[in-house]
Amino acid sequence: RDVTGTIQSIPLICGSIMSKKIAEGIQGLVLDVKTGNGAFMKTPTQARDLADHLIRIGTDFGVKTDTVFTSMNQPLGDNAGLWCEMLESINCLRGGGPDDTMAVTYKLGARLLIQAGIADSEEAAISLLQSLIADGQAWNKFLEVADFQGGDIKVFSNPEQQHKPLYARDFLAPATGYIEAMDTYKIGLAIVSLGCGRLKSDDAIDPTGGMEFVHKIGAAVNRGDVLIRCFNSNSDKLDQAVALLDGTISIGTNKVEHQLFL
């Protein structure tokens, strides 16, 4: 869809998402439908339209289908990129994930447990999920699944030593105040330019590339504070990415609270 310029086509999104799920023979499905400046569906109305189509297709094929609406008006979690996201996922499974990532994870997981009849409330479901992380069962199940699919789980014995970037640069706050908004779409373009995505089919991917979001919406910052830490193993691409971040973070006098769920 990226080549043909049809990424936002609802019929094609539905076909891409639901065909794989239905082919797997699943009985229940919970979908995280993103909306906001960094999502395909820019407005809640567009997101609900997409959700209605996804639910209708799931229902027609006998799959219990539910949706959760979450905001992409700021990046989710503390990191975005390639291996850095893997490290963050590991932290999540080991009980140290960012609050916003875990909130979304728990809500999605809770809906599935309720669908399956394992829990009768969101509170009970989240408590169960938290206990599975706390006692190590979630992490062990991930290793089991990775091994079953042919993955080399030895890399997880010391994951911090894998794909270490050669270069890093900080994007600094241009003013003092509160972060009022983040242009997640443009931040995403900067992440691609680090080597974390392709603009052309033959572009090389850099597994070491990514960003760490040191401050997000609502944070008080001083001029010169680090807002985003960028890293990869190509200094030219790193310079390009940092330049693309100019103007992506709005700082003002109002303390704004980011709304994660819509």
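This is a predicted model: local features need pLDDT of at least 70, side-chain atom pairs count only at pLDDT 80 or more; totals for chains, interfaces and linings use all residues.
Local features need pLDDT of at least 70 and side-chain atom pairs count only at pLDDT 80 or more, while totals for chains, interfaces and linings use all residues. Residues are numbered from 1 along each chain as its sequence is written, and side-chain values use heavy atoms, with hydrogens and water left out.

**View 1. An open sheet of 4 strands, in the order 3-6-8-4.** Pairing here is antiparallel; two strands pair if DSSP finds at least two bridges between them. Strands (E, at least two residues) and helices (H or I, at least four) are DSSP runs, numbered from the N terminus. At the edges sit strand 3 (79-81) and strand 4 (167-172), each pairing on one side only. From one strand to the next, the twist averages 20°. Look inside the sheet and you'll find strand 6 (residues 210-213) joined to strand 8 (residues 226-232) by 4 bridges; Met-211 has Cys-230 as its bridge partner in strand 8.

**View 2. Helix 3 and helix 7 against that sheet.** Helix 3 (residues 83-93) lies across strand 3, strand 6 and strand 8, at about 140° to strand 3. Helix 7 (residues 184-196) touches strand 3, strand 6 and strand 8 too, and its direction makes about 135° with that of strand 6. Contact means heavy atoms within 4.5 Å. Axes are lines fitted to C-alpha atoms, for helices over the stretch in contact, and angles run from 0 to 180 degrees between N-to-C directions.

**View 3. Helix 3 meets helix 6 (residues 137-148).** The two axes come within 8 Å and cross at roughly 135°, so the helices count as oblique to each other (under 35 degrees is roughly parallel, over 145 roughly antiparallel, 65 to 115 roughly perpendicular, the rest oblique). Helix 3 brings Met-86, Ile-90 and Leu-93 to the contact, and helix 6 brings Ala-138, Trp-139 and Phe-142. That makes 6 nonpolar residues, no polar and no charged. Ala, Val, Leu, Ile, Met, Phe, Trp, Tyr, Cys and Pro count as nonpolar, Asp, Glu, Lys and Arg as charged, and the others, Gly among them, as polar.

**View 4. The lining of the second largest pocket.** A pocket is an open set of points on a 1 Å grid over the protein atoms alone, where a 1.4 Å probe fits, with protein on both sides within 12 Å along at least five of seven lines; lining residues have an atom within 4 Å of a point. Of the 21 lining residues, Asn-79, Trp-83, Cys-84, Leu-87 and Glu-160 lie nearest the centre. Helix 3 supplies the largest share, 6 residues.

**View 5. A second sheet, open, with 3 strands in the order 7-5-9.** Pairing is antiparallel.
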